[in-house]
Amino acid sequence: MKRILGFVLISVLFLIGCSSVPVKKSQPAFMVGDTVSITGGEYARAQGTIVRVSLDTNSYSVRLANQENPVMILSHLLRRPVAAAPTPAVTPPVPAPVPVPVPVPPPSPVPVVSPPPVVSPPPVVSPPPVVSAPPVASPPPTVNIRPTPSPPQPDGWRLAVLPVIGLDEYTAETIAWHLANEDAIHTNFYVVPVTPVIRKNILTEQSYVSLFDAGEGVHADYIMASFAKTIGYEKIFFTVVLDAHTKQQLAGDYRKYSDVQELPSFFSQMTRKITAVVTRRAYNAPKLSVELMAVPPKGVSKNDAIILTQLLAIQIANTTVYNVFPRTENIDAAVIDFEKRRVDIKNVNVTNRDLTPADFVLSSKIAVYNSRNEILAEIIGIENDVLKKGGSINFDTIENTPDVLNALVSQLTGANR
C-alpha cells in the first residue's frame, strides 16, 4: 500500500513539474522603465519610457516626454535610443532565441547608422512651402480687373435702384423692385436699399439733383434712375445708370410701351445691355457735355426736347466713345469753366462742386419744315471752339424720333449701333 501511494505521489509531482515548464513565450524586447525612441507612425522621432508590456509582447505602453497619458506603440516601431535603434531587422530574431547574447551582435551594425539619413525628410518638408509661396503672389494683378479711376468699393459696386419717375408712388416702387431683382443687376452690383424719405424726395422733385443726393444718402457708387414719360403721343420708358461720384451717365436703354404692366418683360434684355456697357466703360475717354436740345417756337414742346436729349445721351454713352455728362435745368454742369466765351456765367445757377471739366460739348436742335423734319447735332471742342463732327437725320413725326437716333449717333461717334 505504501508503495502504491509513493508511485501516485511521484506521478503527481511529475505532472506538476511538467505544467510549470514555460510554454516558450517570446521574450519581450523592452522592459518597464526602458527608454525608447519611436521610428515611425504618428509619433515618429519622439522618445518615451515603457510603462507597461502588453501580454502578447507585440506592443508597449509608452509615456512620451511631451504627453501626460501613455500611448500604445507596436514593438517594431520602438528602438533603443543609442544601440538598438538602427536595426529594425533585428527585432524579429529577438523574440525567437532565448539566449541574451543574440541582441549583442547588433551593436556591430551601429556603424550602419545610415538610418540618420532618414532624418533627411525635414529638408524635403521645408521646400514645398517655399515653392508654393511665389505662385500665390501672382494673383494680385488680377484684382486690377476692376477699373481704378472710379471710386467703387473694393468688394463690389454699390447700386441704388430708385423708384420710377413719372408713375404713382406705389407703381413706381413696384417697377423699381422688378428692375432691382434682375439677374444681370445682382451679378454685377450690390443693390443697396433706399429709405422712404429718399424715395419720396425723388418722386416729388423729379430732378437729377435729387438722384445724386439719393446716391450720397445711401453711400452708393452708382444710381439706376428710371423714367416713364411721353414723347408726342407715345409712351416711353427709359432707365440710366449714373456715377454718383463723377455725375457721369454711364449707360442706359429705352423702350416704347402701351401699358405699364408690360415694362417688367423688357427688363431682362435692358439690364443685360446696360451692365455690359458699364463693365466695359472707357475711363480715359474724352468727356462730352450734352446740352438741352433746342426746339423751334412751334410744333415741338420743351418736354419732347428734354426727353430726346436724354435718349440721345443714352445712345452716345452706350458707345463708350465719350464719357457723357447730361445737362439739364438742374445740372447745367460739366463745362462752365471752359465755356466763358459761350455762356453768361451770371445766368447759370450751379455750384463749383457740380462742375466737371469736359473736352467737348454736344449741341442739337430740331428743325421743322413744310415737307420734312430733321434733327441736327454737332460736337464742338470746348478749348478751341472748333467743330469736330456733325450729323443730321430726318423723321416723320416726333413719336418716331427714338427709332432713328441710332443713325445720328453713328454719324457723330463713328460707332456702328
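This is a predicted model: local features need pLDDT of at least 70, side-chain atom pairs count only at pLDDT 80 or more; totals for chains, interfaces and linings use all residues.
Residues are numbered from 1 along each chain as its sequence is written, and side-chain values use heavy atoms, with hydrogens and water left out.

The protein contains 11 helices and 15 strands; helices (H or I, at least four residues) and strands (E, at least two) are DSSP runs numbered from the N terminus. Of its 417 residues, 41% count as buried, where buried means under 20% relative accessible area, exposed means over 50%, and partly exposed lies in between (1.4 Å probe, protein chains only). Among contacts with a separation of 6 or more, 56% are between residues 24 or more positions apart; a contact requires heavy atoms within 4.5 Å.

Five strands make up an open sheet with antiparallel pairing, in the order 4-3-2-1-5. Two strands are taken to pair if DSSP finds at least two bridges between them. Strand 1 (residues 35-38) runs antiparallel to strand 2 (residues 47-53), and three bridges join them. Strand 1 also pairs with strand 5 (residues 78-79), in the antiparallel sense, over two bridges; here serine 37 stands opposite arginine 79. Strand 2 is joined to strand 3 (residues 59-64) by five bridges, again in the antiparallel sense. Glycine 48 has leucine 64 as its bridge partner in strand 3. In a regular strand, side chains alternate between the two faces of the sheet.

Aspartate 34 lies in the loop between helix 1 (2-19) and strand 1. Its C-alpha atom is separated by 5.6 Å from that of threonine 49, 15 residues apart along the chain. Apart from neighbours within four places in sequence, aspartate 34 is in contact with Gly48, Thr49, Ile50 and Arg80.

The description now turns to the helices. Helix 5 (residues 169-180) packs against helix 9 (residues 264-279) at an angle of about 40°, with the axes 9 Å apart. Helix 5 is therefore oblique to helix 9, given that angles under 35 degrees count as roughly parallel, over 145 as roughly antiparallel, 65 to 115 as roughly perpendicular and the rest as oblique. Axes are lines fitted to C-alpha atoms, for helices over the stretch in contact, and angles run from 0 to 180 degrees between N-to-C directions. Ile175, His178 and Leu179 of helix 5 make the contact with Pro264, Phe267 and Thr271 of helix 9.

Helix 10 (residues 302-319) has 18 residues, which at 1.5 Å a residue should span 26 Å, and the 26 Å between its end C-alpha atoms agrees with this; the expected span is 1.5 Å times one less than the number of residues. Because 15 of its 18 residues are buried, helix 10 is largely enclosed by the rest of the structure. The axes of helix 10 and helix 11 (residues 401-413) come within 9 Å and cross at roughly 50°, and the two helices are therefore oblique to each other. Residues of helix 10 in this contact include Leu308, Leu312 and Ile316, while those of helix 11 include Pro402, Leu405 and Val409. Just after helix 10, threonine 320 adopts a positive phi of about 60°.
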